[in-house]
Amino acid sequence: MEKLKSLIDDLNLKYIQNMNDFTKFLLLSEEELAGMPLEFLKDLEETDGKRKVLLTGYYVTPILEHCKVGSTRKQIAVAYGQKGGNQNVAILEKLVQIRHRLARLLGYSNYSDFAIEPRMPMTSRKVLEFLEEMSEQLSDLANRELTVLKELKMKEEGDAQFGMEDLLYYMKRGEQHKVDLDIGEIKRYFPVKLVISGMLKMFQDLFALRFEEIKDVEVWHDTVRLFSVWDASSSDLLGYFFLDIFSREGKYDHTCVVALQNGCMCSNGSRKVPVAVLLSQCPKEFDGNSALLRFPEVVRIFHEFSHVVHHISNRATFSRFSSLRLEGDFAEIPSLLLENWCYESISLKMMSGFYQDITKSVSTEACQSLKRRRDMFAGLKLKQEILLCLVDQIIHTSENVDIDELIKDLHPKVILGIPLLEGTSPASCFPRIAVGYDAVCYSYIWSEVFAADLFATKFKDDLLNQHAGLRFRNKVLAPGGSKGPLEIITDYLGREPSLQPFIQSRTRNAL
């Protein structure tokens with residue numbers, strides 16, 4: 001067992017190293033890069049009169065989104081889609097074989113059943129059924145979206161032959177046609193301080209909490225703030241959280257939540273309260289003016305602070321059931337649910353204000369555009385995700401699968417007849433299957449579906465309903481991991497969860 005685990009770790013590392021060591025580039029003329037912003041071109045090294053394009057996501061994604069030249073998009077997509085090479089395909093196939101051996105030693109028929117048993121679906125069959133149903137339910141929406149993209153390509157290039165290299169470019173084109181939104185302008189409505197104060201007020205109002213900042217306390221940096229959390233009705237102390245949100249040299253550079261202390265009952269009958277810290281890399285004030293956040297950063301901080309509230313709301317008896325130590329599929333559901341508040345006018349206005357006059361919040365029209373932008377081409381985007389989730393499940397439930405052939409076969413069946421781009425090998429450059437999410441790539445879509453049902457059923461028509469929020473806090477957040485996730489959600493909804501609200505939400509705001 002230990003030898004197999006060690007071998008898996010070594011192969012995981014090798015797979016990632018092969019991707020990181022990929023140093024190939026393409027030399028392209030400015031004509032071949034037509035449509036790219038001048039700032040992007042200036043960032044490219046010039047060699048023999050051409051621009052050197054490194055095959056990293058930082059350069060590849062903007063080209064696939066903005067380059068007008070179809071042959072350039074295809075050349076870039078093919079080169080990038082070979083990133084890990086045959087070596088990584090062989091590593092992934094070896095990893096899958098070893099995982100199956102490990103699972104059989106533990107009494108399971110395949111690795112997927114071993115990985116999924118402690119999670120919400122419990123069996124690989126349930127996951128496959130879920131993914132297949134999602135794919136089928138999304139087909140009508142995705143077909144309508146694809147028709148729009150093909151029409152855009154016909155108008156621009158006079159060619160209806162549509163390939164994967166066209167997807168991001170024409171999605172961006174479609175978004176520009178359908179959504180009246182200037183992302184650069186929107187940023188000016190999200191000063192950091194205003195976003196944080198509005199977010200704290202919203203969580204207090206919704207969940208019947210009271211946050212009190214504790215001044216003159218020793219912390220690890222002078223920008224760190226400490227808050228105590230109280231039940232607004234009983235005035236019971238529930239916990240503490242630190243906000244360490246501003247960038248500084250040497251600091252961990254991701255937005256995340258870390259539990260510093262889990263809540264639990266002590267042997268003397270008293271309660272140890274939970275403590276958490278929210279880490280981020282927000283820009284600092286400049287000349288007394290609050291720095292501004294891009295909208296995705298607003299959503300990310302809101303999402304992560306939802307984890308803080310989940311952690312603080314935990315009332316489980318034992319530390320092991322703390323809300324940051326939850327079953328994997330359940331852990332993200334509350335935060336994905338609460339992300340919806342970032343796309344609704346009443347709540348978004350609470351977190352926004354023009355940087356030169358904070359009394360002017362973001363407009364209702366802009367709020368609607370942000371939601372529409374989120375859901376644009378949702379069917380096609382989810383179809384791509386479902387394809388990779390299906391591949392993940394099939395290779396981890398079956399023996400000796402030729403992964404490249406599997407993807408080639410599944411691709412047109414899931415992606416509405418569009419074939420896999422010839423010369424690409426997704427298995428060589430899909431790290432989630434290789435490391436960390438093996439057999440559980442489905443988890444994020446699963447969590448989104450449950451979150452959408454909770455939102456549509458309990459909150460959509462009254463976002464700041466404290467009665468609904470308090471009931472959610474007590475029934476969903478408070479148990480932590482002390483009850484089964486499906487039991488918690490079913491009890492709160494009063495019925496079995498459904499995927500229909502998710503499909504309807506994505507369709508409602510679509511084309």
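1. Burial in helix 22. Buried here means under 20% relative accessible area. The model is predicted. In helix 22, residues 500-508, the buried residues are Pro501, Phe502, Ile503, Ser505 and Arg506.

2. Helix 7 against helix 16. Helix 7 spans residues 124-157 and helix 16 spans residues 378-395. Their axes come within 7 Å and cross at roughly 150 degrees. Angles over 145 degrees count as roughly antiparallel, so helix 7 is roughly antiparallel to helix 16. The crossing is left-handed. The residues of this contact divide into 16 nonpolar, 5 polar and 3 charged.

3. Ala366 counts as buried, because its relative accessibility is 10%. Leaving out residues up to four places away in sequence, Ala366 touches Leu181 and Ile186. Tyr343 is 23 residues from Ala366 along the chain, and their C-alpha atoms are separated by 9.7 Å.

4. Aromatic pairs. The structure holds 27 aromatic pairs. One of them joins Phe162 and Tyr170. This pair is tilted, with 6.2 Å centre to centre and 50 degrees between the planes. Phe162 and Tyr170 are both buried. Another pair joins Phe211 and Phe305, and is edge-to-face: 6.0 Å centre to centre, 80 degrees between the planes. Phe211 sits in strand 4 (residues 209-214) and Phe305 in helix 11 (residues 295-313), so the pair ties together parts that are 94 residues apart in sequence. Phe211 is buried, and Phe305 is buried too.

5. The aromatic cluster. Phe211 and Phe305 also belong to one aromatic cluster.

6. Which residues does Ser347 contact, leaving aside its neighbours within four places in sequence? They are Met202, Trp341 and Leu463. Ser347 itself lies in helix 14, residues 345-348. Its relative accessible area is 0%, so Ser347 is buried.

7. Met122 has phi near 75 degrees, a positive value in a residue other than glycine. Met122 lies in the loop between helix 6 (111-116) and helix 7. Asp216 is not a glycine either, yet its phi is positive at about 55 degrees. Asp216 is placed in the loop between strand 4 and strand 5 (225-231). With a relative accessible area of 86%, Asp216 is exposed.

8. Thr23. Is Thr23 buried or exposed? Thr23 is exposed, with a relative accessible area of 61%. Thr23 lies in the loop between helix 1 (2-20) and strand 1 (25-28). Thr23 and Asn110 are 87 residues apart in sequence. In space, C-alpha to C-alpha, Thr23 and Asn110 are 36 Å apart.

Note on methods
Residues numbered from 1 in each chain as written. Predicted model: local features only at pLDDT ≥ 70, side-chain atom pairs only at ≥ 80, totals over all residues. Heavy atoms only, no water. Axes fitted to C-alpha atoms, helices over the stretch in contact; angles between N-to-C directions. Helix = DSSP H or I, 4+ residues; strand = E, 2+ residues; numbered from the N terminus. Parallel < 35°, antiparallel > 145°, perpendicular 65-115°, else oblique. Left-handed = near helix turned anticlockwise from the far one by under 90°. Nonpolar A, V, L, I, M, F, W, Y, C, P; charged D, E, K, R; others polar. Buried < 20%, exposed > 50% of the residue type's maximum accessible area, 1.4 Å probe, protein only. Phe/Tyr/Trp six-rings, centres within 6.5 Å; stacked < 30°, edge-to-face > 60°. Contact = heavy atoms within 4.5 Å.
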